[in-house]
Structure formats: structure tokens, C-alpha cells
Amino acid sequence: MKLFSSLGKIAAGLLLIAAAGCSQSAKVQTSSAAAKTKVPAPVPAGYRVVKDLPYYPKDFRPLSGDAEYAAERCKLDIYIPQKKVAEPLPVLLFFHGGGLSRGSKGMPRGQRGLPAEFIIVTANYRLSGPRAKCPDYLHDAAAAAAWTVRNIARYGGDPDKVFVTGASAGGYLSAMIALDRRWLKPFGLDPRKCFAGVLPISGQMSTHFQVMIERGQEGQPLVDEYAPIYHAAADTPPIVLFCGQPDIEFKARVAENLFFHAVLTQLKKNPDAKIYQINGFNHSSVGVPAGYLTRQEMKRILRQRKAAQKSPR
């Protein structure tokens, strides 16, 4: 699905302006001591936040890699709407971007300034480098998802309405743990059953370039078991892909997502796969309109699921 209408561009532009305004942090003094002080990001209006919850149990050793690094890094934040509601809320689990080698958790850019309608969970994972390699970050993403499904009810969330998303590298992670069953299997979960939907934003659908760098094969395109497209199937959770304008997006990113969508819908006959190609936005900015559209797609998926449950069999 392509967004070419002027109205769509205007709405997305307004979202971009709102998000930019909300993302400005307080100014700090220019002294060397002050420059080293990290200014906490403000909690978005309408939310309260529970920060730095470890998602690996104390007695659980990570399935691969440096356990000490996992204890340092593998934590999540929960943004909970302040307004009390009668029923448990849908949940959006978000993984940050950064090429699998940098970045940190925080309120997704595309959700800032929007109404507090559901719970947002943002998770860190071990970063590719001296202390972590593939598949450490995939195990971490699965562990964060398993924690969310099993614990979010304590924070007012509905474990049957958990959606998984992420931007760029986070989009790659969200697609991998939602499509390849092996990552959640050690936690006794099946992504086909525990995710209400998967909504990657400008994620790499071939084997991630950082995985190839770790192998000493930088620049080599590949589709193997570490590629979301390798695991395309008819019975995935509802999946919605988001990407920007081809000539200003990350190299080949739009083509990969379009190809992935074609494999899902035409080869695998997946009944619930969609794609948004959002013109006017690049790899960095597409998360803003995609954040708004994520909300609309979550509501659509939940409406369809409710209607299917009511319909006679």
C-alpha cells in the first residue's frame, strides 16, 4: 500500500514536527563536567514509566555469549498510560535501531506526542562488538518478548494483545523472532500464538549486514537462516511492513521489503501481510509516520480478530 495523497503527506509532516518538538531535551552547560552528564529523556505526556527491568531471570544463563554483559545490557522500560481503564491494554514491544552495534531503548520516535492509548515496552539487547556476536541479540530479543508476554498483565497489559515492532535493526529483530520459531522455543512460546502482530519499520529482510561483517563478509548480500525472508510462511502473525521512499531510503531497503511482501503474499499465500511505502521519508524519518500507522494497524488487526471470534464457524 503506497501513501501518495497530499493529505497523507501533510498529516505525516505534522507528526514529524510534533515528534521533533517532543524530542528536544533540556540544554546542559557547556563545561566538560556538564557535557558528560546524561540528561534523562522526559517521560511523554500521559504516561508513567517503569525503567530498567531485567528480562533475564537471575537464575537463567543466556543461551549464548557473555552473561555479565547480558546482565548489564538486557533491561527494558515500560510506558504505562496514566489514565485508568476498565480492561487490560494492548501492548507494543519496540526494539531500537542502530545496525545491531549501537543504540539504546527509549520511547519510539513515532509514538512521541501521540495519545497514551496502549502500553509501550522498549528493550535493550547486547550489541555486536567485542562482547557480543550473532546470535546473542536474537536470543535477547526473544527473551524480552517472553518476559513481556508473561509479565505484562502485572502492569495492566493484555498478554494476548502483544504486538512486536522495531526500527531498522530493531525491525530486523522483530521480524526474526516473529517468523523463526526457534528463538522463542526455549521459553516455551510459539510466535504464531503469542504475538498479535508484527510491524517492522525499515528492517533488513535479508541476512543483516552486521551479521555479515561479523563473518568477515561485509557487503556480501545473503539470504540464509538469519534472514527474515528465509522464514516467510503462510501462517505468520499478521505482518505489516513499513519503508520510505526508494531513492532516499537506506540502500536496497525498500526493494528488500517489497520482495519480502511479494514472497509472503504471492508465493506463501499469506492472508494477512501488508506493506506501506511512504514517499517523502527516508530511513531516519520514516519511523514518524510509521508510528502513527502502527497504531491504526494494531486497531485494525484487533477489530478483525474480534469479528472473527464472533462469526459462526
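## Backbone features in loops

Ala252 is located in the loop that joins strand E8 (239–243) to helix H8 (253–267). In this predicted model, the phi angle of Ala252 is near 65°, a positive value in a residue other than glycine.

Ser168 likewise has a positive phi, of about 60°, although it is not a glycine. Its loop runs between strand E6 (157–167) and helix H5 (169–179). Ser168 is buried because its relative accessible area, 18%, falls under 20%. A cis peptide bond connects Cys134 to Pro135, with omega near 15°; Pro135 belongs to the loop between E5 and H4.

## Overall composition

The protein chain contains nine helices and nine strands. Of its 313 residues, 53% count as buried. Among contacts in the chain with a separation of 6 or more, 78% come from residues 24 or more positions apart.

## Nonpolar cores and a surface patch

In soluble globular proteins, nonpolar side chains tend to be buried together. The largest nonpolar core here has 66 residues, and Tyr55 and Ile78 touch the most other members. Helix H4 (residues 136–151) gives the most to this core, with 10 residues. A second, separate core of 21 residues includes Tyr79, Phe163, Ile201 and Phe281. Beyond residues up to four places away in sequence, Ile78 touches several residues, among them Val49, Val50, Leu53, Ile120, Val121, Trp147 and Tyr155.

Phe209 is in helix H7 (residues 209–214) and counts as partly exposed, with 31% relative accessibility.

## Salt bridges

Side chains of opposite charge can pair when their charged atoms come close. A search of the whole structure finds 18 salt bridges. In one of them, Glu72 pairs with Arg131, with the closest N and O atoms 3.1 Å apart. This pair links distant parts of the chain, since Glu72 lies in helix H3 (residues 67–73) and Arg131 in the loop between E5 and H4, 59 residues apart. Glu72 is partly exposed at 42% relative accessibility, and Arg131 is partly exposed at 34%.

Lys299 and Glu117 form another salt bridge, with an N to O distance of 3.3 Å. Here too the pair links distant parts of the chain: Lys299 is in helix H9 (residues 287–310) and Glu117 in the loop between E4 and E5, 182 residues apart. Lys299 is partly exposed, with a relative accessible area of 34%, and the value for Glu117, also partly exposed, is 34%.

Asp224 forms a salt bridge with Arg215, the closest N and O atoms being 3.0 Å apart. Asp224 is buried at 16% relative accessible area, whereas Arg215 counts as partly exposed at 36%. Elsewhere, salt bridges that share partners join Lys51, Asp52, Asp77 and Lys105 into one network.

Where does Lys105 lie? Its place is in the loop between strand E4 (89–95) and strand E5 (119–123). Lys105 counts as buried because its relative accessibility is 16%, under the 20% limit. The side chain of Lys105 makes a polar contact of 2.7 Å with the side chain of Asp52. Leaving aside neighbours within four places in sequence, the contacts of Lys105 include Asp52, Lys75, Asp77, His96 and Asn124.

How values were computed
Residues numbered from 1 in each chain as written. Predicted model: local features only at pLDDT ≥ 70, side-chain atom pairs only at ≥ 80, totals over all residues. Heavy atoms only, no water. Helix = DSSP H or I, 4+ residues; strand = E, 2+ residues; numbered from the N terminus. Buried < 20%, exposed > 50% of the residue type's maximum accessible area, 1.4 Å probe, protein only. Contact = heavy atoms within 4.5 Å. Polar contact = N/O pair within 3.5 Å; in protein donor to acceptor, adjacent residues only side chain to side chain. Core = buried A, V, L, I, M, F, W, Y, C linked by side-chain atoms within 4.5 Å. Salt bridge = Lys/Arg side-chain N within 4 Å of Asp/Glu carboxyl O.
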